[in-house]
Amino acid sequence: MHTIQKILLVSAIGLMVPFAASAQSVQGVQAMSADDRRAYMEAMSDDERTAMRQKWRSEFDALSDEEKQVIREQRGGDRPRDREAMRERRASMSDEERVAARERRSAHRADRKARWESMSEEERVAAREKHTERKGQRDKRRRGQRGRGDREQQPEA
């Protein structure tokens, strides 16, 4: 049994070496267009994506606090999160910018609809489950990591 485990381990490591040699850095992938990034990630197997995310996480963890802050600002700088900021941004837009934003939204909506319609029923079920799981995780973060049981036991204010 131990021999089989060792053989599997060596085989897995042997398969990861070429992948690790060809893996791109975080900056290399960030420089790609959104479509190229999506195609690059979809071309990978689940194991390769997991290994790539771990590699990127270790690269990010190795950065200084200042570099991490710059990256965080770049990721979220263009997307206001609260409604008031969104209203102010919309109010400050020119008519041409509003039209362009509306067109981007409808193109994005059409792309999502086309992707949904091209899915098989099994893929749709998996997508629904994934969405539900993500939504649950997002809700937990908003509630401060409290589960349903914790919420029910707390007295109402």
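This is a predicted model: local features need pLDDT of at least 70, side-chain atom pairs count only at pLDDT 80 or more; totals for chains, interfaces and linings use all residues.
A salt bridge is taken here as a side-chain nitrogen of Lys or Arg within 4 Å of a carboxyl oxygen of Asp or Glu. An α-helix has 3.6 residues a turn, so residues three or four places apart point the same way. Asp 61 is partly exposed, at a relative accessible area of 43%, and Arg 57 is likewise partly exposed, at 48%.

Helix H4 spans residues 46-62, a run of 17 residues. The distance from its first C-alpha to its last is 24 Å, close to the 24 Å expected at 1.5 Å a residue. Buried residues in H4 are Arg 49, Ala 51, Met 52, Trp 56 and Phe 60.

A search of the whole structure gives 8 salt bridges, and two further examples are described here. In helix H7 (residues 95-117), Asp 111 and Arg 115 are 4 residues apart, about one turn of the helix. These two residues form a salt bridge in which the closest N and O atoms are 2.8 Å apart. Asp 111 is partly exposed at 35% relative accessibility, as is Arg 115 at 37%.

In helix H3 (residues 34-42), Asp 35 and Arg 38 are 3 residues apart and therefore separated by about one helical turn. Their side chains meet in a salt bridge of 3.1 Å, N to O. Asp 35 counts as exposed, at 55% relative accessibility, whereas Arg 38 is partly exposed, with a relative accessible area of 36%.

Notes
Residues are numbered from 1 along each chain as its sequence is written. Side-chain values use heavy atoms; hydrogens and water are left out. Helices (H or I, at least four residues) and strands (E, at least two) are DSSP runs, numbered from the N terminus. The expected span of a helix is 1.5 Å times one less than its number of residues. Buried means under 20% relative accessible area, exposed over 50%, partly exposed in between (1.4 Å probe, protein chains only).
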